[in-house]
Amino acid sequence: MSHVLNLARMAIALMLLPMAGCDLAPKPLNTKHVDEGDPTRGLALVAGGSYGCAACHAIPDVRFPKGNVGPPLAGMAGRSLIAGHLPNKPGVLVAFLQDPPALAPQTGMPNVGLTTEQARDIAAYLYTLEAPDGS
Amino acid sequence: MGRDPRLILILVALSLTACGGPQSALDPAGPSAASLHRLGIIMYVGATLVTLLVTALMLVPFLRPRERSVNRNLFLWGGGVALPLLTLTALVPYVMTVGHETRAATTPQQVSIDVIGYVYWWDVAYRRPDGSRGGAAANELHVPVGEPVELFLHAADVIHSFWVPSLAGKTDMIPGRVNRMVLQADRPGVYRGQCAEYCGLQHALMAFDVIAVPRPEFDAWLARASQPTGQPETPELRQGRDLFVSLGCGACHAVRGLSEARLGPDLTQVGSRRTLGAGTVPGGVGNIAGWIASAQHLKPGNAMPSYDQLEGPQLRALAAYLESLK
Amino acid sequence: MTLTLDSPGPQPTGELAPRVAPVLFPQSSGRDGLERLEAVWALPKRFAFVTEVNNTHLGVLYIATGFLFFLGAGVLSLLMRIQLAYPGLAFLDAGTYNQFFTMHGTVMMFLFAVPIVEAFGVLLLPALLGTRDMPFPRLSALGYWCYALGGTLVFASLFFNIAPDGGWFMYPPLTGPKYSPGINTDVWVLGLGFVEIAAVAAAVELVVGILKTRAPGMTLGRMPILAWYMLVTAGMIMIGMPAVIAADILLELERAFGMPFYDATKGGDPLLWQHLFWLFGHPEVYIIFLPAAGMVSMMLPTFARAKLVGYTWLALAAISIGFLSFGLWVHHMYATGLPVLSLAFFSAASSAIAIPMGIQVFAWIATLWDGKPVLRVPLLFILGFLFIFTVGGLTGVMVAAVPYDWQVHDTYFVVAHFHYVLIGGMVFPVFAALYYWTPLVTGRMLSERLGRWAFWLMFVGFNAAFFPMHITGLRGMPRRVYTFPDDVGWNWLNLISSVFSFVFAAGVLVFLIDFIRHRRSGPEAGYNPWDAPSLEWLSHGADYGFRSIMPIRSRYPVWEQEGLKEDEIGGRGFLPDAPTREREALVTGPITGEPEQIIRLPGPGWTAFLAAAATAIALAAGTLKITAIALAAGAVAAGAYLYWLWSMDRLAPRGLADAGRGVALPLYTNGSRSVGWWGMVVLLISDAAVVASFAFAYLFLWTARPGSWPPDGSQIPGFLAPVLLSAAVIAAFILFETADRMNQRERRRDTTLCLGASAVLAIGAAVAGWFWLRGLGIDPTRHSYGAAVWTLVGTMGLHLVMGAGMALWCTVRLHLGMINSWRCLTLRICLLWWRFTAPVTVLVLLMIAGFPHVIS
């Protein structure tokens with residue numbers, strides 16, 4: 001489903017390119033790919049609610065709750081740091097999701113007991129979240 | 001005067017395929033809800049027939065206008081008097097029978113539970129044989145399968161209404177009164193209930209679960225609910241317990257063996273609850289942390305303040321401690 | 001006693017109506033009569049239209065205002081449907097949503113449904129009854145302006161975030177001082193106060209109008225069927241509305257002065273509110289439905305091209321619904337844990353109402369069978385009404401089945417049910433009526449084509465939006481929730497309801513566009529465009545209604561009385577003129593319709609508008625706790641009311657006046673022949689219902705709270721003081737009676753003495769009652785016992801003080817020569833007050849003294 005969405009987004013971007021003129025910014029390398037991560041399953045885990053993601057974070061595809069304890073997750077794909085000081089790389093994100101305090105001892109985000117596979121799926125989902133303005 | 005036929009098809013399809021659900025009176029799981037559902041079906045069929053009759057009679061004059069004048073007596077005595085009189089004479093006694101069935105007596109060894117409605121959550125206390133308050137829970141009723149369970153319904157502040165559609169009809173909880181009702185689940189499962197009388201700002205977020213389990217499992221659960229909680233085993237959990245005490249959580253919440261207060265939900269087994277905030281969010285450590293830090297954001301106007309001054313590790317410790325209470 | 005009267009002006013010059021003997025004010029059916037008629041009935045120009053009191057004019061304003069509230073509350077419902085389109089949406093927050101659904105219900109019920117059906121009565125009845133106007137136009141004006149100004153204030157509270165948020169039935173303790181400390185609830189009580197004033201005012205006008213100002217010859221059996229329906233409705237308002245007025249007063253006493261009626265911790269009971277509220281609230285459904293059914297019964301013969309089948313059956317059905325509806329209030333309380341046996345009774349009673357309902361539906365269908373129906377837009381809406389209302393009635397039978405109601409009560413099933421009943425039973429008929437009677441008011445026809453669009457959009461939109469709600473409710477969705485979880489199975493059903501609610505709204509929009517369009521380009525309606533049988537089409541939109549008042553010999557006069565139009569326009573009926581230079585109407589006998597009197601009606605004046613505006617400002621400022629403005633406006637209002645009262649019971653010459661057609665009638669009557677006397681009787685019936693509600697509160701709380709009534713430490717009253725007080729009250733009453741006798745014998749000094757003594761005794765009794773309760777140590781705020789006793793005794797004390805005031809009022813008028821042996825209506829009406837107050841006071845005192853002994 002979100003593959004389709006991504007394709008659609010790319011298609012729209014391609015159609016918009018001519019309008020944007022020739023001032024093409026270099027397209028960044030897609031570093032936000034999680035091996036074996038399925039964003040659809042990831043979204044289901046997030047929206048299912050039992051891990052409590054949305055109780056603390058506002059997540060674009062989850063209508064309720066829209067937590068405000070931690071940062072909103074819209075734009076996760078383009079964000080530089082996780083928890084303020086970890087590089088936003090697939091491996092780091094997966095590890096952080098699995099055991100946040102291990103990587104960021106002062107974080108308030110608890111270890112909610114995700115398996116590696118679940119963490120990968122969620123990470124894959126989070127990397128589909130572009131910032132609202134499309135940057 | 002027909003509706004768009006496609007619409008009818010969609011509606012029929014919906015109503016046939018969509019009877020289930022955790023909170024549906026169309027999917028009864030107890031004797032009371034079942035007999036109400038039977039009564040419902042009889043009335044749906046009757047109502048459909050009458051509607052068809054009236055609609056047809058109404059349209060006939062447009063399809064074939066008559067020359068002779070109409071037989072008034074047939075319409076007035078037949079349709080106006082006899083039709084409702086006969087149907088209702090048949091229906092009302094049956095309705096009363098169903099009414100008495102659904103208020104059936106209970107057995108001597110029954111489970112008796114006091115349920116008290118608060119804005120916006122449910123206190124649940126199991127009566128000991130001597131009538132005193134035994135094991136307690138909140139927003140969850142554990143009941144043994146196949147046995148009538150007696151409920152005493154109270155309200156602590158405003159009027160609420162106790163309703164589990166798949167098991168029985170609703171009964172109001174009224175300040176100053178105690179209403180009794182009997183509930184029985186015929187198959188194990190989780191049945192969702194919800195406050196049915198508007199009780200203020202967060203009336204929408206005042207749900208609960210009835211968890212029906214076989215008798216032995218129920219007995220084991222009740223035994224656990226009646227015992228003091230154990231000592232925390234890890235340093236983090238101990239820190240969490242100390243925070244629970246020092247932050248004053250115990251001023252509102254009971255944790256058996258640690259605090260007694262009853263202004264908020266009993267937390268003795270909060271780690272095993274299916275939901276937090278009376279059905280606002282699911283259970284689990286992540287949601288517990290989110291709830292502690294932002295209860296007012298998740299369910300504005302509920303009685304619990306947002307503990308948004310905690311440091312990260314403190315929040316985690318407190319959440320972990322509560323999650324360990326099972 | 002000299003009789004003086006302003007000069008009646010030049011004598012008629014045109015052709016005189018045939019008349020008997022020498023009489024006052026000869027009527028002219030010629031041009032000069034018409035000119036005078038036009039002059040006295042003319043609408044005031046420009047902004048002075050607020051001074052107009054003519055019922056027909058007010059009816060139009062009334063309907064327009066009601067329709068605006070319908071649109072406003074409809075917009076609220078659309079916003080709520082957006083919020084409920086998907087689970088977990090945050091389009092409206094919980095607080096806003098709760099205000100919206102409370103206002104949607106309150107506005108639809110109290111500011112739209114009840115007023116607009118009364119408005120159709122106010123607009124149509126004068127014409128249907130064949131009179132120029134009903135007897136109390138200023139009262140109608142007061143009611144309208146209270147409603148319009150008060151309703152606007154209440155609606156505006158939404159924009160200041162102080163709108164009521166306790167649901168339209170406002171159950172305490174949620175709405176009590178503890179759980180609703182803000183002024184939101186006070187705004188609700190305030191709004192209801194206005195609507196109650198308006199509703200009771202309109203009820204008085206309708207009852208007396210229907211009984212006393214019908215066209216000559218229009219017996220009860222020849223009345224248009226709508227008059228029967230409106231009579232029953234007005235009677236129900238008269239008796240039912242006071243229950244909710246009493247409940248409101250008790251709630252406000254609890255909120256403002258801490259008198260605990262509904263607080264279970266102080267001997268009160270939340271169920272008291274539910275009993276009082278539904279004692280009114282259930283009849284209210286029929287108060288809304290009956291006039292709509294009456295309008296349907298008026299329109300059907302026109303389009304069926306046949307007389308109504310079962311006129312008598314319908315009238316009897318309306319009356320029996322009126323009675324039965326008061327036995328059904330527990331309908332709304334099945335889940336409160338009442339004993340099953342009592343529920344059995346109510347279940348049966350609820351089902352019994354299906355019989356008169358069935359009779360109506362089948363009488364309407366039979367009417368269609370009897371004729372050759374012509375399918376125009378109003379009939380389309382009527383057919384839509386029949387279908388939707390039948391479905392709503394059948395689900396009504398379901399919710400009347402007590403155990404079944406335990407499942408569906410307070411769910412979307414009930415939301416679906418009552419929207420089927422109210423939109424089907426009232427909104428569709430109102431739209432039919434708007435299409436049908438618009439030409440009567442604007443002189444132009446609405447579009448058939450757009451009308452069909454409006455109908456089909458509304459019909460399909462309505463059914464597709466509300467039918468699924470039955471299932472939503474059975475699948476467990478409670479009403480009044482601002483959001484719902486996404487995993488319970490309500491998502492699709494809610495989405496369908498939300499989408500089609502906009503289709504319904506589109507239908508309403510099409511009507512609006514059509515209405516705006518038709519004022520310019522709609523075809524001219526001409527005389528009786530639908531070829532209808534009833535009298536309203538005889539009047540031709542002139543301010544005075546009819547050129548002359550025609551004697552009626554048929555239920556369908558326009559179809560059956562030949563030459564009716566010619567005689568009416570030729571001035572060959574009654575009162576073709578306005579020789580007194582004032583608005584006149586015929587008063588007829590309540591049963592037979594024999595002409596009895598010519599009354600002169602008040603014309604345009606500021607009194608009613610000023611009184612209403614000042615009342616509205618005073619109550620609103622009081623609610624917002626702006627004391628200075630409240631007091632100032634209150635003083636203005638009091639002044640306006642006093643002036644109004646003073647201007648009543650006007651001087652009239654004693655001789656007989658010409659009524660046309662060779663009939664001479666008096667201009668002044670006393671006692672039960674006068675409309676003022678009838679108005680007072682209707683008001684006192686309402687008053688009795690208020691007192692009865694307070695007594696019910698006392699008795700109910702005592703029996704519902706056996707353990708805690710009476711509270712420790714308050715003394716139970718003995719018999720001595722109540723007996724002495726009763727004696728004083730009875731003496732005051734007898735003195736007032738004697739005053740009337742003395743006045744009959746023109747013994748002015750004795751009359752004055754009796755009135756004075758009566759006033760002194762009345763005030764004395766009221767003050768003594770105060771000290772008596774104080775002496776007993778009964779505290780109104782500590783326990784509901786004290787609150788109930790003080791409320792009852794206080795109410796009767798207020799009646800005594802008013803009685804004393806009336807005695808003084810009569811004394812002053814007596815000495816100004818405004819009361820004498822034949823002009824004594826004021827005295828007689830005040831006497832009525834005493835005939836009510838004295839026995840009721842004695843009963844109340846006996847109950848307070850005796851009931852504690854009975855129950856213990």
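What share of the contacts in chain A with a separation of 6 or more comes from residues 24 or more positions apart? Those residues account for 54% of them, where a contact means that two C-beta atoms, placed from the backbone, lie within 7 Å. Welcome to a predicted model, in which local features need pLDDT of at least 70, side-chain atom pairs count only at pLDDT 80 or more, and totals for chains, interfaces and linings use all residues. Residues are numbered from 1 along each chain as its sequence is written, while chains are lettered from A and ligands numbered from 1 in the order in which they are written.

**Chain A**

- Chain A has six helices and two strands; here helices (H or I, at least four residues) and strands (E, at least two) are DSSP runs, numbered from the N terminus.
- Read from the N terminus, its elements follow the order α-α-α-β-β-α-α-α.
- An unreviewed UniProt entry lists residues 37–130 of chain A as "domain: Cytochrome c"; UniProt positions are given in the numbering used here, feature names are shortened, and annotations may be inferred rather than shown by experiment.
- That span, residues 37–130, is 40% helix and 4% strand, and its end C-alpha atoms lie 17 Å apart.

**Strands of chain B**

- Strands S6 (residues 160–164) and S7 of chain B pair in the antiparallel sense over four bridges; strands count as paired if DSSP finds at least two bridges between them.
- Three residues sit between S6(B) and S7(B), and the two strands form a hairpin.
- His160(B) has Met173(B) in S7(B) as its bridge partner.
- Strand S7 (residues 168–173) of chain B is largely enclosed by the rest of the structure, because six of its six residues are buried.
- Another part of chain B is an open sheet of three strands in the order S4-S10-S9, with mixed pairing.
- Its edge strands are S4 (140–144) and S9 (189–194) of chain B, each pairing on one side only.
- On average, neighbouring strands of this sheet are turned by 25° against each other, direction ignored; axes are lines fitted to C-alpha atoms, for helices over the stretch in contact, and angles run from 0 to 180 degrees between N-to-C directions.
- S4(B) and strand S10 (residues 207–213) of chain B pair in the parallel sense over five bridges.
- Helix H4 (residues 215–226) of chain B packs on the sheet, touching S4 and S10 of chain B, and its direction makes about 135° with that of S4(B).

**Chain C**

- Chain C is divided into domain 1 (375–525) and domain 2 (690–855), with bounds from an automatic or database domain assignment.
- The centres of these two domains of chain C, taken over C-alpha atoms, are 49 Å apart.
- Helix H21 (residues 720–744) of chain C has 25 residues.
- Buried residues of H21(C) include Leu725(C), Val729(C) and Phe736(C).
- Among the elements covering the buried residues of H21(C) are helices H22 (748–776), H23 (784–815) and H24 (825–855) of chain C.

**Where chains B and C meet**

- The contact takes 77 residues from chain B and 74 residues from chain C.
- On the side of chain C that touches chain B, H10(C) gives the most, with twelve residues.

Definitions and conventions. A residue is buried if 20 or more other C-beta atoms lie within 10 Å of its own, exposed if 12 or fewer, and partly exposed in between; C-beta atoms are placed from the backbone. The expected span of a helix is 1.5 Å times one less than its number of residues.
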